[in-house]
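Here is a set of questions and answers on one protein model. Keep the coordinates open while reading.

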Amino acid sequence: MEGDVGARVGYLGLGSNEGDRLRNLRAAREALVLYEVAVEAVSSVYETAPQGEVTDQPDFLNAALRVRTSLGPEELLDAAKGVERDLGREPGGLRHGPRPIDVDVLLLGDLEYSSDRLSLPHPEVMSRRFVLEPLLELDPELALPDGTALAPRLEGVRDQPVRRAGSL
């Protein structure tokens, strides 16, 4: 992919709350290369309480990755789902439920994109501290495709418990 004119920088979110959570995150990071996704940088690992519709479950470990790929948005989503399957996540599970691995496409270059399967930027980028904190660690100046800076949004989610838990 080096020197590939069509390659874009993107950001992926990783999460795990079943099994060896840290090993699951590391395995996902390593597996991406098999799907034509090069990992350029990794955030710290953050431990977070479950959010969304199902809160009675184990805490998550979360991290973000800055990646480079020539895949389009749907193909990158297919790659993310492939990594999830490879690491034991069954398709069709409970939304926001417990899972060994979650790989979310958060941003892909300056694309704004929407389909039945995927929205870019990811709809929860600005509302979830466990997404914002690692993204801003990777790039404190990160902005959405429309120019909206992410850093000022962090103040609005400070009440969501997030604890730095080590390295990926």
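Q: Where does R99 lie?
A: Helices (H or I, at least four residues) and strands (E, at least two) are DSSP runs, numbered from the N terminus. By that count, R99 lies in the loop between α2 (73-86) and β5 (102-108).

Q: What is this model, and how are its residues numbered?
A: This is a predicted model, where local features need pLDDT of at least 70, side-chain atom pairs count only at pLDDT 80 or more, and totals for chains, interfaces and linings use all residues. Side-chain values use heavy atoms, with hydrogens and water left out, and residues are numbered from 1 along each chain as its sequence is written.

Q: Is R99 buried or exposed?
A: Buried means under 20% relative accessible area, exposed over 50%, and partly exposed in between (1.4 Å probe, protein chains only). R99 has 10% relative accessibility, so R99 counts as buried.

Q: Which residues is R99 in contact with, leaving aside neighbours within four places in sequence?
A: Contact means heavy atoms within 4.5 Å. With those neighbours set aside, the partners of R99 are S16, N17, E18, F60 and R89.

Q: How many helices and strands are there, and in what order do the elements run?
A: The protein has 3 helices and 8 strands. From the N terminus on, the order is β-α-β-β-β-α-β-β-β-α-β.

Q: Why does the radius of gyration agree with a compact globule?
A: The radius is taken over C-alpha atoms, and the globule rule is 2.2 Å times the number of residues to the power 0.38. For 168 residues, a compact globule would be near 15 Å. The two agree because the protein has a radius of gyration of 15 Å.

Q: What share of the contacts with a separation of 6 or more joins residues 24 or more positions apart?
A: Buried residues make up 48% of the 168 residues. Of the contacts with a separation of 6 or more, those between residues 24 or more positions apart account for 73%.

Q: Why is α3 (129-138) largely enclosed, and what covers its buried residues?
A: The buried residues of α3 are R129, F130, V131, L132, E133, P134, L135, L136 and L138. That is 9 of the 10 residues of α3, so the helix is largely enclosed by the rest of the structure. The cover includes β1 (8-16), β2 (38-42), β3 (44-48), β4 (60-69), β5 and β8 (162-167).

Q: Which residues does V125 touch, not counting those up to four places away in sequence?
A: V125 lies in the loop between β7 (119-120) and α3. V125 is buried, with a relative accessible area of 2%. Its partners are L106, V131, L132, L135, L144 and L150.

Q: Which bond joins L120 and P121?
A: Most residues other than glycine have a negative phi, and most peptide bonds are trans. P121 lies in the loop between β7 and α3. Omega is about -5° here, and L120 and P121 are joined by a cis peptide bond.

Q: What is the phi of E36?
A: E36 is found in the loop between α1 and β2. At 52% relative accessibility, E36 counts as exposed. E36 is not a glycine, yet its phi is positive, at about 65°.

Q: Where is V67, and which residues does V67 touch beyond four places in sequence?
A: V67 is in strand β4. At 0% relative accessibility, V67 counts as buried. Its partners are R8, V9, G10, Y11, L12, V37, A38, V39 and E40.
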